[in-house]
Amino acid sequence: MATAVKLYGPPLSAAVSRVLACLLEKDVQFQLIPINLARGEQKKPDYLKLQPFGQVPVFQDESITLFESRAISRYICDKYANQGNKGLFGTNPSEKASIDQWLDAEGQNFNPPTSVLLFQLTLALRMKIKQDENLIKQNEEKLEKVLDVYENRLGESRYLAGDEFTLADLSHLPMTQYLVNACDRGELFTSRKNVGRWWDEISSRETWKKVVEMQNSRPRRSA
Amino acid sequence: MVVKVYGPAFASSKRVIVCLVEKEIKFEVVDIDIFKGEGRSPDYLKLQPFGLLPVIRDGDYTLYESRAIIRYYAEKYKSQGTELFGNTMEEKGKVEQWLEVEAHNFHPPIYTLVAHTVFSSKLGITPDQNVIQENEAKLGKVLDIYEERLSTSKYLAGDFFSLADLSHLPFGHYLINGVGKEYLIRDRKHVSAWWDVISNRPSWKKVIQLFPPPT
């Protein structure tokens, strides 16, 4: 049966994989439409009509076109509240708010330094841009401070927003996957007992393993 | 029990306060001076472990991240004050989308501009003209997209005022009042009109009057 739900973007993109993980957790059938970033398909006029900032992913169903991976994930949890992982976005307003708090902490505190590190440690080399040692050091320090807060938090509760896996934890999967497996920065996580335990648990989820499989099954292209 | 908002002088706390005013929710404030390091005190870190503003306390309940706080109150008090999340699931989706755009595309460059201009000495930052120019250019590109959007839609998420527009008020205010780059707004006809509409809402005028920014 053809599904109305479409997701545009490559599974290797962190933001795309964030939504993929959410769709899988919520048991939502979808069609993945490839966008070749190396060929600049995200900057073509047809795509810009869907996402004017020229970024991936874009989500479409029968009633909406949406962008911004964390907004898409919230919408999916809202629309498909009664299927799949029902606790993914909490079961009451205070749980939801706690999840929103950690989702925003991810977006505002975790994501910026990890994005810089990912760029400097992998993409810069591929794009033949000189690595900025100062920027790497600065952002490693920023990330260490953030992970210290996480270490404390994850000593008090099993997952970030409480004792269940939620969207807040899910949102950290893509960038952490890269830092651990592609940037040789696993020690940032494994050297912290609680963060290490948390990373093992969330990255071992069947849904995330499936996303990683999707990432690895695409032929790699050089930039 | 009245909700307490920490750090009202500061922009991110104002994001929460203007939402509470729109939703007709009573609140109290607790002054915290980030510039004097009060965000790093052990007592404050118990409430907000990243040492950032704002945090709210609502009885025993504590919540931080201003956009998480405004989502919580917009939902909890849906039946009173201004509707800030739209009226359908799809409208809410659009509000969430543009709230994320504000958080990830608008906020980073404007924050950097404010840090290198208005509050550089308070933050111990030496203003860097290269950084200023780079972020001016970034913000300009973002506002070009806003210009296009606002030429076909009265507000960001649709034809209704929402959390997405509201979220731009605190740092947008600095862009006009302090950063010295007002042209970024004024040179864009639809962005300029939108800014005038949202910043003239009684709620925002009240917030600015009650809680002047730090000098």
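How are H7(A) and H10(A) oriented to each other?

Entry 1: I am working on a predicted model, in which local features need pLDDT of at least 70, side-chain atom pairs count only at pLDDT 80 or more, and totals for chains, interfaces and linings use all residues. Residues are numbered from 1 along each chain as its sequence is written, chains are lettered from A and ligands numbered from 1 in the order written, and side-chain values use heavy atoms, without hydrogens and water.

**Entry 2: H7 and H10.** I looked up helix H7 (residues 173-181) and helix H10 (residues 206-217) of chain A, which pack at about 60° with axes 12 Å apart. Helices (H or I, at least four residues) and strands (E, at least two) are DSSP runs numbered from the N terminus. Axes are lines fitted to C-alpha atoms, for helices over the stretch in contact, and angles run from 0 to 180 degrees between N-to-C directions. H7(A) and H10(A) are therefore oblique to each other (under 35 degrees is roughly parallel, over 145 roughly antiparallel, 65 to 115 roughly perpendicular, the rest oblique). The crossing of H7(A) and H10(A) is right-handed (the near helix is turned clockwise from the far one by less than a right angle; anticlockwise is left-handed). In contact (heavy atoms within 4.5 Å) I find Leu173(A), Pro174(A), Gln177(A) and Tyr178(A) of H7(A) with Trp208(A), Val212(A) and Gln215(A) of H10(A).

**Entry 3: H4 and H5.** I then took helix H4 (residues 93-126) and helix H5 (residues 133-156) of chain A, whose axes come within 9 Å and cross at roughly 145°. H4(A) passes H5(A) in a left-handed crossing. Contact residues include Trp102(A) and Phe110(A) of H4(A), and Leu143(A) and Tyr150(A) of H5(A).

**Entry 4: chains A and B.** I find 31 residues of chain A and 30 residues of chain B in the contact. The two chains bury about 2700 Å² between them, 61% of it on carbon and sulfur atoms (accessible area, 1.4 Å probe, that two parts lose on being put together, summed over both). Phe53(A), Gln101(A) and Gln108(A) supply 23% of the area that chain A buries against chain B, more than any other three residues.

**Entry 5: salt bridges.** I count 34 salt bridges over all chains (a side-chain nitrogen of Lys or Arg within 4 Å of a carboxyl oxygen of Asp or Glu). Between chain A and chain B there are 4 salt bridges. Glu100(B) meets Arg74(A) in a salt bridge at 2.8 Å, N to O. Within chain A, Glu62(A) pairs with Lys79(A), the closest N and O atoms being 2.7 Å apart. Glu62(A) sits in the loop between strand S3 (58-60) and strand S4 (65-67), and Lys79(A) in helix H3 (residues 69-79), 17 residues apart.
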